[in-house]
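Subject: The structure I promised you

Hi there,

Here is the structure we talked about, with the sequence alongside. Have a look at it first, and then read on for what turned up.

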Amino acid sequence: MELDGELAGHRLRPDAPDQRDIDLYRSLSADIASGVAVLSTRWRNRDYAATVSGFLSVSYDPPTMLVSLFEESRICDAVAGSGTWALSLLAAHHQGPANWLASPGNPVEGLLNQVPYRRGPATGAAVIGGAPAWFELKTTAVHPAATHVLTVGEVLAMGRDAPGAESADPLIHFASSYHRLGR
């Protein structure tokens, strides 16, 4: 049933958003709860990895996923260069690695020295140890979207590296910070 009264809201400027529009969008979109993952790739004999929360399953047949990457980031360049990548979903106990790999200005050399990982069987990219689920992908499409690039990939390999109890305790990003599901 339609509710009475006018819906209060903020309309963006039609020509281009101003700083107020951007700040309000940032505040409201922070209330979108999402899973947290580490995206990694191996390119030119070097590991690249970053924490991401903008990813989703696109299709079951064939298994396909999408990730949103800031177009000026090292990880975006590395994924574009390598053509393959891994996505490791994180459990609540992975908050430390999530913070580390989300920090701007991380060193290129030794980035994963303090993060437990194994090499994926299909791509050789780093899969975070204890991941409730992981996927290795081959890029099949790239779509520019504002300041980001939407990278679509077909799954080459997948699995779990976490005991059952840890798989049921994912790391969640909500209201600009990490949380776990209520228990």
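Let me begin in a loop: Ser176 sits between β11 (171-174) and β12 (177-180). Its phi is near 65°, a positive value in a residue other than glycine. Ser176 is also exposed, with a relative accessible area of 57%. Please keep in mind that this is a predicted model.

Two other loops have backbone details to look at. Ala146, in the loop between β9 and β10, has a phi near 60°, again positive in a residue other than glycine. With a relative accessible area of 77%, Ala146 counts as exposed. Then there is Pro62, in the loop between β4 (55-60) and β5: the peptide bond that leads from Asp61 to Pro62 is cis, with omega near 0°. For background, most residues other than glycine have a negative phi, and most peptide bonds are trans.

Now for the overall picture. The chain has 4 helices and 12 strands, and its C-alpha trace spans about 55 × 40 × 35 Å along the principal axes. Of the 183 residues, 37% are buried. Among contacts between residues at least 6 apart in sequence, 62% join residues at least 24 apart.

What holds the middle of the largest nonpolar core? That core has 19 residues, and the ones that touch the most other members are Leu39, Val52, Leu69, Ile75, Leu87 and Leu137. Elements giving two or more residues to this core are β2 (37-43), β3, β5, α2, β6 (84-89), β9 (134-145) and β10 (148-159). The largest share, 4 residues, comes from α2. Apart from this core lies another, of 13 residues, with Val36, Val115, Ala126 and Ile128 among them.

Once neighbours within four places in sequence are set aside, Val52 is in contact with Gly35, Val36, Ala37, Leu39, Val67, Leu69 and Leu87. Ser82, by contrast, is 30 residues from Val52 in sequence and 18 Å from it in space, C-alpha to C-alpha.

Next, have a look at helix α2. Its buried residues are Ile75, Cys76, Ala78 and Val79. Viewed down the axis of α2, these buried residues fall within an arc of 165°, so they line one face of the helix. Their cover includes β2, β3, β5, β6, β9 and β10. Just after α2, Gly83 takes a positive phi of about 80°.

Finally, the largest pocket, which has a volume of about 1400 Å³. It is lined by 38 residues, and those closest to its centre are Ser53, Gly54, Ser68, Phe70 and His148. Two or more lining residues come from each of α1 (19-29), β3 (46-52), β5 (63-70), α2 (74-82) and α3 (95-102). Which element gives the most to this lining? That is β3, with 6 residues. By type, the lining divides into 21 nonpolar, 14 polar and 3 charged residues.

How values were computed. Residues numbered from 1 in each chain as written. Predicted model: local features only at pLDDT ≥ 70, side-chain atom pairs only at ≥ 80, totals over all residues. Heavy atoms only, no water. 1 Å grid on protein atoms, 1.4 Å probe; cavity = no way out; pocket = protein on both sides within 12 Å on 5 of 7 lines; lining within 4 Å. Points joined across faces, edges and corners; volume = space filled by probe spheres on them. Nonpolar A, V, L, I, M, F, W, Y, C, P; charged D, E, K, R; others polar. Core = buried A, V, L, I, M, F, W, Y, C linked by side-chain atoms within 4.5 Å. Buried < 20%, exposed > 50% of the residue type's maximum accessible area, 1.4 Å probe, protein only. Arc of directions from axis to C-beta. Contact = heavy atoms within 4.5 Å.
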